[in-house]
Amino acid sequence: MEAFHPSLTFPFSYTFNTTTSALGGGIAENIATSCPNPWMDARIWCKLPHRLLDRVIAFLPPPAFFRARCVCKRWYALLFSNTFLQLYLEVSQGRHWFLFFKNKSLRGSYIYRNNNIGGSNGDSNTGGTNCDGYLFDPYELSWYRLSFALLPSGFSPTSSSGGLICWVSDEAGPKTLILCNPIVGSMSPLPPTLGPRLLPSIGLSVNPTSIDVTVAGDDLISPYAVKNLTAESFHIDAGGFFSLWGINSSLPKLCNFESGQMVNVRGRFYCMNYGPYSVLAYDVAANNCWTIEAPMRRALRSPTLMESSGKLLLVSAVEKSKLNVPKSLRIWGLQACGTTWVEMERMPQQLYVQFDDLENGNGYRCVGHGEFITIMILGSDKALLFDMSRKRWQWIPPCPYVHAGVDGDLHGFAYEPRLATPVTGLLDQLTTIPFQAFSA
């Protein structure tokens, strides 16, 4: 067996609790002594065929897998075995986890950074080399810390899909995007976008055979002004088709999309309109824009849009004294017709009283993934988790790596941890394989 080497770095931070056994024997002797059950006899399990053992390991969640890599040389090398990774892609179950980051404000510092590159005004928001992410497991209510030490400075996370996190350059101008798999530390850069932008909204869609990225809005029309004018798309697939940032649509006139705040659902961007509330929708491929009336629009407070399992959800507090209904927090889903909302769930009244007292008008952020919705209360370390399949609400334990009131608020993404994302290999082949042009 290979001893655990302290210099080895892993994407997860763990606290290992070690105990000293009174027995002088090895692992097999300890197991045989402490487990009288004959089914746990080490003499039986040590003869398990490697291919069957690999299949068992492939079902482990990532934290358990990386702990298991410390056992021996062979298990350590599984992460680099094509045979094991192929098995992993075939049998591993999708996990609806979340990845959070400390929030940083960029808009107020762009002009100063661009006019004083390398100066003191530009250093506060470029600490990308020390960026950490916080992975939350809603099944076990556990937190893990991920390091992004290899990421260049001056990048911010903007979207996620298929086990990849998309990072975009902070500097105003043509945007550089990096697709990163934080579990294994891989990074795949994309070619720079065509048009200069400030804080565009970015939609990412990754499946086993293709990558699609859409960048929309916040076009720079001068060093001091932006306007929502165009959307451009990147596409590449295993069939040999690609489109490297073709400007395929112009945003409608008087388009008031929020910078960097649009939600991407199946090729459409959505954002909130205010006074009274409504939802602005934009179909990139069809170059079509329309308005969707929000439910109970005159009674909403802090409405938030989010994507979950390919559906658009609206989460909002409902508060109005003239309504003959109690105050509550409700969840609506947009139906397939694209114009009708259906109420899916309502927070229990007693829980809402606690939530309203903690939230105190500061607002909240929502992220959905699969059957889970997380609601992070701004200005505190309190958060709620709603399991839509079980109709269960519960408080989330605070992230142990963030200090409330000191490190700022967390913003996050739906994230499915994966040990392998072979689709990124298409990006490495852009300069070597004669792909065919593709118009989106």
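Keep in mind along the way that the model is predicted.

Let us begin with two helices. Helix α3 covers residues 50-58 and helix α6 covers residues 82-91. Their axes lie 9 Å apart, and the two pack at an angle of about 50 degrees. Angles of 65 to 115 degrees would count as roughly perpendicular and those under 35 degrees as roughly parallel, so α3 and α6 are oblique to each other. If you turn the view to look at the crossing of α3 and α6, you will find that it is right-handed. Which residues meet there? On the α3 side they are Asp-54, Arg-55, Ile-57 and Ala-58, and on the α6 side Phe-84, Leu-87, Tyr-88 and Val-91.

Now follow the chain to an open sheet of 4 strands, in the order β16-β17-β18-β19. The pairing in this sheet is antiparallel. At its edges sit β16 (263-265) and β19 (288-293), each of which pairs on one side only. From one strand to the next, the twist averages 30 degrees. Inside the sheet, β17 (residues 268-273) and β18 (residues 278-283) are joined in the antiparallel sense over 6 bridges. A handy landmark here is Phe-269, which stands opposite Tyr-282 in β18.

A further open sheet, again described by its strand order, runs β20-β21-β22-β23. It has 4 strands, and their pairing is antiparallel. Its edge strands are β20 (300-308) and β23 (341-346), each pairing on one side only. Here the twist averages 25 degrees from one strand to the next. Strand β22 (residues 328-334) runs antiparallel to β23, with 5 bridges between them. Along that pair, Arg-330 stands opposite Arg-346 in β23. This sheet also has a helix to look for: α8 (residues 349-359) lies across β20, β21 (311-318) and β22. Relative to β20, helix α8 runs at about 105 degrees.

Our last stop is Ser-389, in the loop between β26 (383-387) and β27 (392-395). Is this residue buried or exposed? The relative accessible area of Ser-389 is 54%; because exposed means over 50%, Ser-389 is exposed. Its side chain makes a polar contact of 2.6 Å with the side chain of Asp-387. Glu-371 lies 18 residues from Ser-389 along the chain, yet the C-alpha atoms of the two are separated by 5.8 Å.

Definitions and conventions. Residues numbered from 1 in each chain as written. Predicted model: local features only at pLDDT ≥ 70, side-chain atom pairs only at ≥ 80, totals over all residues. Heavy atoms only, no water. Pairing = 2+ DSSP bridges. Axes fitted to C-alpha atoms, helices over the stretch in contact; angles between N-to-C directions. Contact = heavy atoms within 4.5 Å. Buried < 20%, exposed > 50% of the residue type's maximum accessible area, 1.4 Å probe, protein only. Polar contact = N/O pair within 3.5 Å; in protein donor to acceptor, adjacent residues only side chain to side chain. Parallel < 35°, antiparallel > 145°, perpendicular 65-115°, else oblique. Left-handed = near helix turned anticlockwise from the far one by under 90°.
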